[in-house]
Amino acid sequence: MRLSFRTAGLLFAIAGVIQAQNATVLNAASVQTAPPALVNPFFSEVDFVGVSAYSNIVSPGMMAILHAPAPGATANPLLRGRPAPSASETTISIRHSGSSLAIPLEILSVNATSITFVIPLNMPLGGAEIEYQFAGQPTGWTNVNVVPASFAFFTNLGGPVIAQSVAADGSLSPIGLTTPAQPGQTIRITGSGLGYNTPVSVTVGGVPATVVSPPPHRATPGIDEIWFQIPAGSAVTDGCYVPLVLSYSSQNQWSQMQTSSTISKTSTGAPCVHPFQLSVADMATLDSGGYIAVGQIDMSTTLDVATASAASRDEYDDLNPTEMTAGQIASLFLPTAPGCSIGRTSTGGFAYLGQIAVGNASLPTPPDLGSAVLQNGATTLNFSGTLPQTTEGPLSAPPTPAIAGGTWTWQTSGSTDLATSSFNFTLPAPFQLSGATPPSFIRTQDQTLNWNGAAFDAGAVLTAFLNGSAATGGQVSLDCTVPANSGTLTIPATMLSQLAGSSLDTLNILVRETGSFIPHAQLKLTSGATLLMYVSYSTGENLPVDVQ
Amino acid sequence: MRLAAILLLLAGALPAQVRNAAVAAAGGSATAPVAPGSLAFVTDYSTLYQEPTIAGAVVSIRPVGSSTPIPAQVENATSSGITFLVPADTPLGNAQLIYHQAGELTQWAAITIAASDFALYTTPAPGVNVSASGPATSNGLSTPVQPGQAIEIFGTGIGALPQSSPQVTLGGVMQTVLYAGIAPDEPGLIQINFQIASGTPDGCYVPMTVSWGSSTATSYLSKTSSGMPCQHPFQLSTSALQTLDAGGTVETGMISMTTALEAASAQQASRQESASATFNSLTAAEIASYFTEPPAQGCSVGSNAPAGLVVSIIGPPFSGSVTLQHASTTLTLTAASGFEYSLTLPPTADAPLNNLPAPEIAGGAWTWNSSGASGAPSGSFNFNLAAPVQLNSGAPIIIPTEQYQTITWNGAGFDSGAMLQMTLTGLGSGAVSCVAPAQAGALTIPANLLAQFTPGGSGVLTVSVTETGASIPHAFLQSSGTLMLVNWSSGDTRPVDFQ
């Protein structure tokens, strides 16, 4: 089965570029497709996308996208100033390592920089070479690893999973902010990369959901469908962005993998109550693929510590007027899982994470928010970007922050788009670690960090990044996420033991607000449209750590 | 947007780099261990609000596990960084370097204290010529040392001073050491004086090796039998040599010519070729680097990307065109990008490896002609290129991971200055780099280095041949005083199946 031309056009618009050697291959579902209001998630336009996926890792049956190097790269045979090639003048095949047989691949779409195709379901696991060619162009190729499963949801611009409710007659209705899922409903979600008959489980709001059908597991080439039932009753808390987690096993690659997103759910099916207090009309606009005008206020204050007697503060403020889609607003509500993980810093090879804007970037013109300032007591900040560095002082009396805790007021003198306006919000006191500096970690024991946790609310999330030398050579990176108001984090010895002993490493701590705790307000533009204002606030500390 | 902001916060300032001061003076930039008692240099990226001074700079070293930083003596402070003396009693191991310039915030960097990290100074001169009958002069291209003279060379990073005397060879000839020890009133600086031995070969860049205790350092000196300016391997004029010795630069035209073979399979190979030319100025140290930094032969784990010179050009954008001619082939490079003449040839269509189309950038005699180009000195010169490199393997190359693997190519076409660099990369499983003389026609990858690759996995093997030293095609255009260098490279890339 082949997708329509329009589908093909969309499929290459959903792609992000990740460059490896000759080209890069990634799961097509690691980027989103379309707003959830549309019954068929593929029949829509998208303006830009974000990518965060494993590159050059594919699984049997996966819909994958091959990207050539960035425009201007001389090694790119796809970009020679010629018109976009058609699928009929394009060939792509995969050859398993050790085999002389190149297996032709089903092409779903082609454009000047990418090919969307499907990995055969019976593709052997292990190394492989993908070869591709356009008419008259030399054959290009790249390496991939074929693993049992490497799944990603089709999502709405990196936000909620694209989902439909399934009626008794099999008809589909979109799930969105104004049309949430209801208890007992059967929901269809899609993604790619589950491999062959990989068992899955689903939780909604942390509550296990019954997976009612893999079949039709792969009705469309490369697309995995998962049907599950929203748990009955009130087991799942209502919300516009209820966490949705799909777990799957992937033998010999990872023992258990999880992919998370969000879904809108209410007990009655009525529109959800938006955590930013968006109206039903605004939510309907978002559901239909529209935009909401947004003023994003960036504020950060970070303590840089060289020694216990030499600490300084890096601070930053900025104002970004923009327009956001349902997916972009939803990305502010993606669940954060507490816990620690450890990974080795890539020192070469093909692994790469990145993002790029592609497609018909036709964002509406952002509103003019006029000349704006931030005020807190006697402090007035005028969005100059990086604030002058403080003079340094001892940690016992650290430099006073300009971006201090307390009540702040954002106000503007107005513009043609916005009348003179203001709103108030509250920030916590800046983060500060307790204990000796530099901390000394014993790598054979659990190590606990403590900080001024009482300063933070329930929405503040702390992530600690520990970067240093690995016990087996090279570099290693460890990260832990906990609620900031817990005031404490214990890094397990099992992870610390992977760091080299007697080494000097770097600890970066970052606290940011999430979900409805993000300071926000609604204003009205002179056009009558909603202006959502929110504050992207972060506070943290950077310091050396002795690992013994 | 939030993610970007977070990453920005985490990124912070550029990391500082700490290294042996002699290496730093020669332009080395990578962080490396430093030895107790040595002079070290820390690059300081902070924004200076005032002119740095020695008095205003403070440096200390805190060994990991210690709460007490050890103060380090500051020897120099400039807007590019601080030179300091690593305290002789600093324990070996990892440590925190803490430093600040007056008016700046305190910075820190992770460093490693090693027993020794011996290096010789080459900047501002690789040595001082000492004559019994005349004043001491800096060793330079126009002021070489001559037999019978003594020379003083300087270094740092020896660590604990060895009990034995150093052994010095110049051009492979053992020299007579007159003095070796700490330079008078110069803590951290090692001084070695030796007499130029008879039989020492002449040259602008005569290789010098100093072995002392367990440490070895290499450098070079300019030496002639008569004391007259050396015969430069790029045929630079005496006045150009004097300009370089005085700290000046020589205008240099860099002509890049690349021919690369890519084979998806044995039946699907194509060739990609390009040529470009640009002009800039090179210092004595930059020209010396063509002769004094030969790539280390052998294989190692990791991918070694060759570093390139950073070129900054000031002046009006180029216009017109230049040509490269070979037999009936004329490549016209146009001024398409401001300060560069360039030409990218269309890739050839797929062809079998055993029946490839002839390359445009072929082996044989070539002529450069720049008359009529605004950005290039007018003139022409002839040079020769080798035939492109081609691996003898098919595609894919089958590489067992449990035994050594020999890679072969058409080595007979290359001269002694051509070096081949091979990189073998496995998807998600590491990399191996090897360097060998291109004319050898073969190199063997040790089995222990191949063991990191996963059997059944796939990868990429790339070879690249470039000329080095005096074998780099070159000419010195006397009329304009311009040195013309041809940076030719030829490559071949194949898929690999690991077994």
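**Figure 1. Salt bridges across the whole model.** Over all chains, this predicted structure holds seven salt bridges, a salt bridge being a side-chain nitrogen of Lys or Arg within 4 Å of a carboxyl oxygen of Asp or Glu. As the model is a prediction, local features need pLDDT of at least 70 and side-chain atom pairs count only at pLDDT 80 or more, while totals for chains, interfaces and linings use all residues. To find your way, note that residues are numbered from 1 along each chain as its sequence is written, that chains are lettered from A and ligands numbered from 1 in the order in which they are written, and that side-chain values use heavy atoms, with hydrogens and water left out.

**Figure 2. A salt bridge from chain A to chain B.** Here the side chains of A:Arg95 and B:Asp497 come together, with 2.7 Å from N to O. The pair crosses between chains, running from strand E4 of chain A to strand E33 of chain B; helices (H or I, at least four residues) and strands (E, at least two) are DSSP runs, numbered from the N terminus. Are these two residues buried or exposed? Both A:Arg95 and B:Asp497 are buried, where buried means under 20% relative accessible area, exposed over 50%, and partly exposed in between (1.4 Å probe, protein chains only).

**Figure 3. Salt bridges within chain B.** B:Lys223 pairs with B:Asp202 in a salt bridge whose closest N and O atoms are 2.7 Å apart. This pair links distant parts of the chain, 21 residues apart: B:Lys223 sits in strand E17 of chain B, and B:Asp202 in the loop between strand E15 (190-195) and E16 of chain B. B:Lys223 counts as buried because its relative accessibility is 1%, whereas B:Asp202, at 44%, counts as partly exposed. In another salt bridge, the side chains of B:Asp492 and B:Arg494 meet at 2.7 Å, N to O. B:Asp492 and B:Arg494 are both buried. Shared partners also build a network of salt bridges, which joins A:Arg95, A:Glu129 and B:Asp497.

Figure 4. The size of an interface is often given as the accessible area lost when the parts come together. About 4,100 Å² is buried between chain A and chain B, and carbon and sulfur atoms give 57% of it; this buried area is the accessible area (1.4 Å probe) that two parts lose on being put together, summed over both. In chain A, the residues that lose the most area to chain B are A:Pro138, A:Trp141 and A:Leu504, together 15% of what that side buries. The contact (heavy atoms within 4.5 Å) takes 64 residues from chain A and 46 residues from chain B.

Figure 5. How many salt bridges does the rule find across the interface of chain A and chain B? There are two. B:Arg62 forms a salt bridge with A:Asp546, with 2.6 Å between the closest N and O atoms. Between chain A and chain B, 16 residue pairs are in polar contact, both residues being at pLDDT 80 or more. A polar contact is a pair of N or O atoms within 3.5 Å; within protein, one must be able to donate a hydrogen and the other to accept it, and residues adjacent in sequence count only if both atoms are side-chain atoms. Several strands of chain A each supply at least two residues of the side that touches chain B, among them E4 (90-96), E9 (140-146) and E34 (530-547). E34(A) gives the most to that side, with nine residues.

**Figure 6. One helix of chain B and its cover.** Helix H4 (residues 284-292) of chain B has the buried residues B:Ile287, B:Ala288, B:Tyr290 and B:Phe291. Seen down the axis of H4(B), the buried residues fall within an arc of 145°, so they line one face of the helix; the arc is that of the directions from the helix axis to the C-beta atoms. What covers the buried residues of H4(B) includes helix H3 (238-245) and strand E33 (482-498) of chain B.

**Figure 7. Backbone details in the loops.** A cis peptide bond, with omega about -5°, joins A:Thr437 and A:Pro438. A:Pro438 lies in the loop between strand E26 (421-427) and strand E27 (440-441) of chain A. In chain B, a cis peptide bond joins B:Thr123 and B:Pro124, with omega about 10°. A:Phe383, a residue other than glycine, has a positive phi near 55°. A:Phe383 is buried, with a relative accessible area of 14%.
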